[in-house]
Amino acid sequence: MRYAILSDVHANLDALDAVLEDAAQQGVQGFVCLGDFVGYGPEPNECVERLRGRASVALVGNHDLAALGRLDARRFNLFARAAVEWTRTQLHDRTRAFLDALSPRAEFEGMLLVHASPRDPVEEYILDWETAEDNFRAEAFSVCLFGHTHVPMRFAHDGERTRVLALLPNTPVALEPGLRHLVNVGSVGQPRDGDPRAAYTVLDTEARTVEVRRVDYPIESVQRKMQACGLPRPLWERLAEGR
Ligand code: ZN
């Protein structure tokens, strides 16, 4: 099976639609969402609607929980908090009920799925090998797919050492069976690795490969919508920079 693993859509419908189109071209048969459907962007309900029927598994993220009022938005920076507060006023009951039923962690095809990290599925950021190693030691997974940092990355652990491995755009890489793997699938709606294109990952369970896909989408269209919603300027400016 070929699955599209999506994370951190953040209410960016233009990016999500571009990703869904690319996934169809990639022969993807199923979808998995690792959380943060909402927060930052202008179309939270629409993004949830697009994914509700499609996703075999969906997780909840920290921004979703904050928008539901289940996580204190004071933990966020000023702009993220403003977006969460705006989102809270926009969510339909149906969207709220969908998000409220999700967990930040699940098992899928023999893999662990989390929004943030295996030992803290809601809030920890894995951006360096030390944090990755702490997580390899804390939990017994063989492959874990995660999101939250908005930076596609891959770590492998051989029982002793943890290494950061290359993850180039649109290039499949093997999940070697002798190693344990942590793979960040990137962010659909707010990439932060300097590449403004939308990101998601194709997981091929037969070939045991992952491929981070980068997809162009109409950034100016989202920026106009965010402006019209009164969302903070730095939040829409950063989309063009991918930071
Ligand atoms: Zn996020």
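**Backbone, metal site and sheet**

Author: Let's begin with Arg208, which is found in the loop between strand 11 and strand 12. Keep in mind that this is a predicted model.

Reader: Okay, what's the phi of Arg208?

Author: Arg208 has a positive phi of about 55 degrees, although it is not a glycine. As a rule, most residues other than glycine have a negative phi.

Reader: And is Arg208 buried or exposed, or something in between?

Author: Arg208 counts as partly exposed, because its relative accessibility is 29%.

Reader: Which other non-glycine residue has a positive phi?

Author: Asp36 has one, with phi near 55 degrees. Asp36 is found in the loop between strand 2 and helix 2. With a relative accessibility of 1%, Asp36 counts as buried.

Reader: Switching to the metal. Which residues coordinate the zinc ion?

Author: Asp36 again, along with Asp8, His10 and His150. The aspartates give OD atoms and the histidines give NE2, at 2.0 to 2.5 Å.

Reader: How are the donor residues spaced in sequence?

Author: The pattern is D-x1-H-x25-D-x113-H. His10 lies in the loop between strand 1 and helix 1, and His150 in the loop between strand 6 (143-146) and strand 7 (153-157), so this pair ties together parts that are 140 residues apart in sequence.

Reader: And those two histidines, buried or exposed?

Author: His10 counts as buried at 1% relative accessibility, and His150 counts as buried at 2%.

Reader: What about His148, where is that?

Author: His148 is in the loop between strand 6 and strand 7. At 2% relative accessibility, His148 counts as buried.

Reader: Which side chains does the side chain of His148 make polar contacts with?

Author: There's one with the side chain of Asn62 at 3.4 Å, and one with the side chain of His115 at 3.2 Å. The side chains of His115 and Asn62 also make a polar contact, at 3.2 Å.

Reader: Where does His115 lie?

Author: His115 lies in the loop between strand 5 (111-114) and helix 6 (129-138). Its relative accessibility is 0%, so His115 counts as buried.

Reader: What else is His148 in contact with, leaving out its sequence neighbours?

Author: Leaving aside residues within four places in sequence, the contacts of His148 include Ser7, Val122, Glu123, Glu124 and Tyr125. Asp8 is among them too, and Asp8 is one of the zinc donors.

Reader: Quick one on Gly39. What does it touch?

Author: Not counting residues up to four places away in sequence, Gly39 touches His10, Ala11, His63 and Thr87. Gly39 and Ala11 are 28 residues apart in sequence and 6.3 Å apart in space, C-alpha to C-alpha. Gly39 is in the loop between strand 2 and helix 2, and it is buried, with a relative accessible area of 0%.

Reader: On to the fold. In what order do the strands of the open sheet run?

Author: The order is 3-2-1-11-12-9, with mixed pairing across the six strands. Strand 3 (55-58) and strand 9 (173-174) stand at the edges with a single partner strand each, so one side of each is left without a neighbour in the sheet.

Reader: How do strand 1 and strand 2 pair?

Author: In the parallel sense, over four bridges. Leu6 stands opposite Cys33 in strand 2.

Reader: And how do strand 7 and strand 8 pair?

Author: Those pair in the antiparallel sense, over four bridges. They form a hairpin with four residues between them, and Gly159 in the turn has a positive phi of about 105 degrees. In strand 8, Thr162 is the bridge partner of His157.

Conventions: Residues numbered from 1 in each chain as written. Predicted model: local features only at pLDDT ≥ 70, side-chain atom pairs only at ≥ 80, totals over all residues. Heavy atoms only, no water. Helix = DSSP H or I, 4+ residues; strand = E, 2+ residues; numbered from the N terminus. Buried < 20%, exposed > 50% of the residue type's maximum accessible area, 1.4 Å probe, protein only. Polar contact = N/O pair within 3.5 Å; in protein donor to acceptor, adjacent residues only side chain to side chain. Donors = N, O, S within 2.8 Å, 3.2 Å for Na, K, Ca; no water. Pairing = 2+ DSSP bridges. Contact = heavy atoms within 4.5 Å.
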